[in-house]
Each structure stands twice: as structure tokens, then as C-alpha cells.
Amino acid sequence: MDYIHYLRSMVGKEKVIMTVCGAFVLDEKDRLLLQLRSDTNTWGLPGGFMEMDEKVEEAARRETKEETGIELGNMSLFGIYSGPRLHKTFPNGDQVALVQILFTCRDFSGNLLYKDEETLDAQFFPLNDLPKNIFEKHQWFIDDLIHKQPPVIG
């Protein structure tokens, strides 16, 4: 049983704090890696929930690999986000207060995964020519990537 199912078996749908880890993966042309999410049909950053006993860097690496096929090398902390703006109720009624930890990575390897259970597509995009349908919360993070110097606390 993974951590989320374990936790939900005890607290039901009540609001819990969950840590989400992800990365801004930038190629040599400063293009940003985005995945077309199968759950919302919007473009977003690779990332996901941290598992028990996992380090935040490990979670960002694991989720990026699972969702895009890319293996991350050296990363640096970009920012930590929290607060009511990151509260969410999932379609099944589960409530969360998210703590989002984002890294920046320019050191990666592997081939892009173009389709799986969570990803309909994965592509690098110029920062000045991003798709219009970006996952709402991720647009906030991307705006910070473009306009703020890390570390960002939001």
C-alpha cells in the first residue's frame, strides 16, 4: 500500500498536508519541459507526491522519470510553495493542503516518453512560446521561473 492510500485509510477524505515535488527541466536552448497531463488535458511540470522515507530530490527525480522518461542529474532548489492557494479537493473528495517543492535541472539524460497512464505528450517549449492550456497552479510557478530569482518562497 502506498503512503497516500495508507494515510487515507486512517483519515478518510479529511484535509491532510501532502508534499509534492517537481522540476523545471531546461534544455541547452532554455526550453522548458512540460507534460500534457492525462487527468486534466493541460500542460504542466513533471512532478508528484512524495512517498514515505523518500527525500524531496528523489521524489522529483522519480516523478520526472515516470512521467516524461527523463532522468535528472544535478538539481538546485528553485522554490517552496504552500498556503491556501494550494489547497485542493480531488474529484473523489479527498482534501489536501499541498506543499510544493520545485527544483531546477539542466543536467538530464534519457528519451522523452510521449504517452503513458499519466502523460499524453511531453515536449520542450521556449519560455516565450508556451502552450495556452497550462495547468493553473503551474502557470504561477512558471511565472516565478521567468520573473524571480531562486529561492522563491510562495
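How do the residues of the lining of the largest pocket divide into nonpolar, polar and charged? The count is 14 nonpolar, 12 polar and 14 charged. Here, Ala, Val, Leu, Ile, Met, Phe, Trp, Tyr, Cys and Pro are nonpolar, Asp, Glu, Lys and Arg are charged, and the others, Gly among them, are polar.

Some ground rules. This is a predicted model, where local features need pLDDT of at least 70, side-chain atom pairs count only at pLDDT 80 or more, and totals for chains, interfaces and linings use all residues. Residues are numbered from 1 along each chain as its sequence is written, and side-chain values use heavy atoms, with hydrogens and water left out.

Pockets, then. A pocket is an open set of points on a 1 Å grid over the protein atoms alone, where a 1.4 Å probe fits, with protein on both sides within 12 Å along at least five of seven lines; lining residues have an atom within 4 Å of a point. Volume is the space filled by probe spheres set on the points, which are joined across faces, edges and corners.

The largest pocket holds about 1,000 Å³ of space. Its lining has 40 residues, with Arg-37, Asp-39, Phe-49, Lys-88 and Phe-90 nearest the centre. Elements giving two or more residues to that lining include α1 (3–11), β1 (16–25), β8 (95–105) and α3 (136–147). Helices (H or I, at least four residues) and strands (E, at least two) are DSSP runs, numbered from the N terminus.

The second largest pocket has a volume of about 180 Å³. Among its lining residues are Leu-26, Ser-76, Thr-104 and Pro-150. Two elements give two or more residues to this lining: β6 (75–81) and α3.

Next, strand β8. Buried means under 20% relative accessible area, with a 1.4 Å probe and protein chains only. By that cut-off, 9 of the 11 residues in β8 are buried. Strands pair if DSSP finds at least two bridges between them. β1 runs parallel to β8, joined by 10 bridges. Thr-19 has Val-99 in β8 as its bridge partner. β6 runs antiparallel to β8, with 6 bridges. There, Ser-76 stands opposite Thr-104. β7 also pairs with β8 in the antiparallel sense, over 3 bridges. β7 and β8 form a hairpin with 5 residues between them, and Gly-93 in the turn has a positive phi of about 95°.

Is Gln-100 buried or exposed? Gln-100 counts as buried because its relative accessibility is 7%. Contact means heavy atoms within 4.5 Å. Leaving out residues up to four places away in sequence, Gln-100 touches Val-20, Cys-21, Tyr-81 and Phe-141, among others.

Tyr-81 and Phe-141 come back in the largest nonpolar core, which has 25 residues. A nonpolar core is a set of buried Ala, Val, Leu, Ile, Met, Phe, Trp, Tyr and Cys residues joined through side-chain atoms within 4.5 Å. Both are among the members that touch the most others, and so are Phe-24 and Leu-32. A second, separate core of 15 residues includes Leu-33 and Met-75.

Last, a sheet. Three strands form an open sheet, in the order β3-β2-β10, with antiparallel pairing. β3 (43–44) and β10 (119–126) are at the edges with a single partner strand each, so one side of each has no neighbour in the sheet. Between β2 and β3, there are 2 bridges. Leu-36 stands opposite Trp-43 in β3.

Terms used: Buried < 20%, exposed > 50% of the residue type's maximum accessible area, 1.4 Å probe, protein only.
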